Amino acid sequence: MRAAMSADHPFAPQTAHHQGHGGWQPVRMHAPHGRLYVREAQGRHTRLRWACVWATQLVYYGLPWMRWNGRPAVLFDLAARKFTLFGLVLLPQDFVYLAGLLALCAGLLFLASAVGGRVWCAFACPHTVYTGIFMWIENRIEGGRTARMRLDARPLSPSSVAKKLAKHGAWLLLGAWTGITLVGYFTPITALLDELVALDTGPWESLWICLYGGLAYLNAGWMREQFCKYICAYARFQSVMFDRDTFVIGYDRRRGEPRGLRSKRRDPGAARQGDCVDCTICVQVCPTGIDIRNGFQYECIDCAACIDACDAVMDKLGMARGLIGYSTATAVECGWPMQRARRRILRPRVLGYAVILAAGLALYIAALASRPTLRLDVIPDRTGARPAGDGMIENAYRLQVMNMDERPRRVLVTVTGVDATVPKGEYDLDAASSRIIPLRVRAREAALKPGSTRILFTLDALDGTRTRITEQSVFVVSQGG
């Protein structure tokens, strides 16, 4: 029989109840969430963030349209099991290169986080980027923060319904185009658009267009800060990459406190008043709704909107900027100026990340540069040896020849190790393609011992590059002839 679990038990369910004056009441395990009305910020950090938005989206939406030697410059053709990246052709055997690229990206993220905190979240994270775009659309259609609050507070009217429909329609169109672009990395974008016009897309293409477009609409349009707070794993383990010399956004409490409204007729004998006027604009512009004046919080994505907002207020009041700004824990405690804090950037942890990343990048480039553009796999036929007449015995093979170059090539196949005959030795390969060549090798049975004999298949490129690939196999002679 299951025992009752008390409401204060650490593993009590989220819908636990307790008996109060009004009977059984639900116990909330987290604070209820209210909608955030984020105010638009203006300033140098905001301009830099929008520059990153433009750069990342030009890359994302533009790459599927780029052509390279008459083919898509970037195409992950899963059906043909071939990835093409600006003339670099990767086959399933080259998965190690994709894994190496991901490892380099992870190393770069560690390095950037150790230096500048969550700069990835602030300026390049897809969720942050699309949230910014969706909020820009919202501001253009429904108005600024105050206008949106009034719009939601009023009863529905034809005007408010029209604005809501226009906003969500624009969001859905952007989400749909985002999903189409994603699928355009796996299906040539021009062919995909023709299929969409003809309503003839495949099931997997339709699924991913709807799924990724729907996620963009849901996350950037509705969830927003909830994704950063509760879903994104990076927010949880980011502190592992931080130390006391990592630059994060902070509030200068010694300068700002005690906060409060400033009076033009201030009594000279009154207690000291800090520079913070408690206007809360820094909270209004925060995309996650936190108050940076409460100290470092994992929800902060280092977007620097609060810096731009506070600097604008300080400019209006004729006071120095920097009440909210980038700094380090060591600099704040010791009262260091920014110049001295920047000298601690090149510290052992950062140098270690940089050295590892540079070494990994050098090895990666060297591996790509030395990667052969021809590859040969020899697969013996399961039927084994069989007589071919005139005292000859025959073995069948399947040669998979992969041309990872962006131009057609002609190759010569030769067999050594036995006195064998090959029906045809020269073959043509299309650019960036793989070809299966069935090959029957015949040898005189009397010259071979029963069992298996090691033979070599050699592939020579007939284009003057002196490329030679050798693959080992066996020639089988049946016991007893």
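Arg442 is partly exposed, with a relative accessible area of 37%. On this scale, buried is under 20% relative accessible area, exposed is over 50%, and partly exposed is in between, with a 1.4 Å probe and protein chains only. What we have on screen is a predicted model, in which local features need pLDDT of at least 70 and side-chain atom pairs count only at pLDDT 80 or more, while totals for chains, interfaces and linings use all residues. Residues are numbered from 1 along each chain as its sequence is written, and side-chain values use heavy atoms, with hydrogens and water left out.

I stay with Arg442 for a moment. Its salt-bridge partner is Glu394, and the closest N and O atoms are 2.9 Å apart. The two residues sit in distant parts of the chain, 48 residues apart, with Arg442 in strand S16 (residues 433–444) and Glu394 in strand S12. Helices here are DSSP runs of H or I with at least four residues, strands are runs of E with at least two, and the numbering starts at the N terminus. A salt bridge means a side-chain nitrogen of Lys or Arg within 4 Å of a carboxyl oxygen of Asp or Glu. Glu394 is buried, at a relative accessible area of 5%.

Elsewhere, salt bridges with shared partners form one network out of Arg35, Glu138, Glu142, Arg148, Asp152, Lys164, Lys167 and Arg224. How many salt bridges are there by this rule? The count is 31. One of them joins the side chains of Glu406 and Arg71, at 2.4 Å from N to O. Glu406 is in the loop between strand S12 (392–403) and strand S13 (409–416), and Arg71 is in strand S4 (residues 71–72), so this pair ties together parts that are 335 residues apart in sequence. Of the two side chains, Glu406 is buried at 14% relative accessible area, and Arg71 is partly exposed at 29%.

Another salt bridge pairs Glu257 with Arg259, where the closest N and O atoms are 2.9 Å apart. Glu257 is buried, at 19%, and Arg259 is partly exposed, at 28%. Between these two residues comes Pro258, and the peptide bond from Glu257 to Pro258 is cis, with omega near -5°. Pro258 belongs to the loop between helix H11 (253–256) and H12.

Thr280 is in the loop between H11 and H12. Its phi is near 60°, a positive value in a residue other than glycine. Thr280 is partly exposed, with 30% relative accessible area. Arg81 is a further non-glycine residue with positive phi, near 50°. Its place is the loop between strand S5 (74–77) and strand S6 (82–85), and at 58% relative accessibility Arg81 counts as exposed.

A cavity is a set of points on a 1 Å grid over the protein atoms alone where a 1.4 Å probe fits but cannot get out, and its lining residues have an atom within 4 Å of a point. Points are joined across faces, edges and corners, and volume is the space filled by probe spheres set on them. How many cavities of 30 Å³ or more does a search of the whole structure find? The search finds three.

H13 gives the most, four residues. By class, the lining has 12 nonpolar, one polar and two charged residues. Nonpolar covers Ala, Val, Leu, Ile, Met, Phe, Trp, Tyr, Cys and Pro, charged covers Asp, Glu, Lys and Arg, and the others, Gly among them, are polar.

The second largest cavity holds about 80 Å³ of space.

Ser157, in the loop between helix H5 (145–153) and helix H6 (158–183), is 74 Å from Ile469, C-alpha to C-alpha, and 312 residues from it in sequence. Ser157 is partly exposed, at 26%.

Definitions and conventions. 1 Å grid on protein atoms, 1.4 Å probe; cavity = no way out; pocket = protein on both sides within 12 Å on 5 of 7 lines; lining within 4 Å.
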